[in-house]
Amino acid sequence: VPVLRVNDVRKREKEASSVVKNGPGEFEILASKSLRKAVQMTNWDYEEGVERFYRILEATGVRDMLRKAGCVEGDEVVLEGFEFEYQEDQNLLELNAREDGYFDWAVG
């Protein structure tokens, strides 16, 4: 029985997906079949769904591709017709809580 290792899956995803810089602050992900499926399955109305999608981008190496292409926080990323603002922080719930001031009390 053939064994499929996580690194093999990641390698395939890295080969299958790519990133194109369309202009200043504008990037497009040319997605693999499995990444396109993840886009379709993501519930964009919930922060947990968006956060899960960011974890998928990290696990498949696409976030590294975006960084290497020069993508920085706030840049526009297009994937399968869906546009989103790139966030460096993977934990969107914590990021939103910080933006809303919930961590202000913890700052020295």
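**Salt bridges, strands and aromatic rings in a predicted model**

The side chains of Arg63 and Glu58 meet in a salt bridge, with N and O 3.1 Å apart; a salt bridge here is a side-chain nitrogen of Lys or Arg within 4 Å of a carboxyl oxygen of Asp or Glu. By this rule, the count comes to four salt bridges. The structure is a predicted model, in which local features need pLDDT of at least 70 and side-chain atom pairs count only at pLDDT 80 or more, while totals for chains, interfaces and linings use all residues. Residues are numbered from 1 along each chain as its sequence is written, and side-chain values use heavy atoms, with hydrogens and water left out.

**Salt bridges**

- Arg63 is buried, at a relative accessible area of 0%; buried means under 20% relative accessible area, exposed over 50%, and partly exposed in between, computed with a 1.4 Å probe on protein chains only.
- Glu58 counts as partly exposed because its relative accessibility is 26%.
- Glu58 also forms a salt bridge with Arg67, where the closest N and O atoms are 3.4 Å apart.
- Arg67 is partly exposed, at 29% relative accessibility.
- A network of salt bridges links Glu58, Arg63, Asp64 and Arg67.
- Another salt bridge joins the side chains of Arg55 and Glu51, at 3.5 Å from N to O.
- Arg55 and Glu51 both lie in helix α3 (residues 47-59), four residues apart, which is about one turn of the helix; helices (H or I, at least four residues) and strands (E, at least two) are DSSP runs, numbered from the N terminus.
- Arg55 counts as partly exposed at 44% relative accessibility, whereas Glu51 counts as buried at 14%.

**The two sides of helix α2**

- In helix α2 (residues 33-41), the residues Leu35, Ala38 and Val39 are buried.
- These residues lie on the same side of α2 because they cover an arc of only 100 degrees around the axis; the arc is that of the directions from the helix axis to the C-beta atoms.
- An α-helix has 3.6 residues a turn, so residues three or four places apart point the same way.
- On the other side of α2, Lys33, Lys37, Gln40 and Met41 are exposed.

**Strands β1 and β2**

- Five bridges join β1 to strand β2 (residues 26-30), and the two run antiparallel; two strands pair if DSSP finds at least two bridges between them.
- β1 and β2 form a hairpin with two residues between them, and Gly25 in the turn has a positive phi of about 70 degrees.
- Val20 stands opposite Glu28 in β2.
- Val19 is found in strand β1 (residues 18-23).
- Apart from its neighbours within four places in sequence, Val19 is in contact (heavy atoms within 4.5 Å) with Phe27, Glu28, Ile29, Val62, Met65, Leu66 and Ala69.
- Val19 and Arg67 are 48 residues apart in sequence and 9.7 Å apart in space, C-alpha to C-alpha.

**Aromatic rings**

- The structure holds five aromatic pairs; rings of Phe, Tyr and Trp (its six-membered ring) pair if their centres lie within 6.5 Å, and planes under 30 degrees apart count as stacked, over 60 as edge-to-face and the rest as tilted.
- Trp44 and Phe82 form a stacked pair, at 3.9 Å centre to centre and with 25 degrees between the planes.
- This pair links distant parts of the chain, 38 residues apart: Trp44 is in the loop between α2 and α3, and Phe82 is in strand β4 (residues 82-85).
- Phe82 and Phe84 form a stacked pair as well, at 6.0 Å centre to centre and with 25 degrees between the planes.
- Ring pairs link Trp44, Phe53, Tyr54, Phe82 and Phe84 into a cluster.
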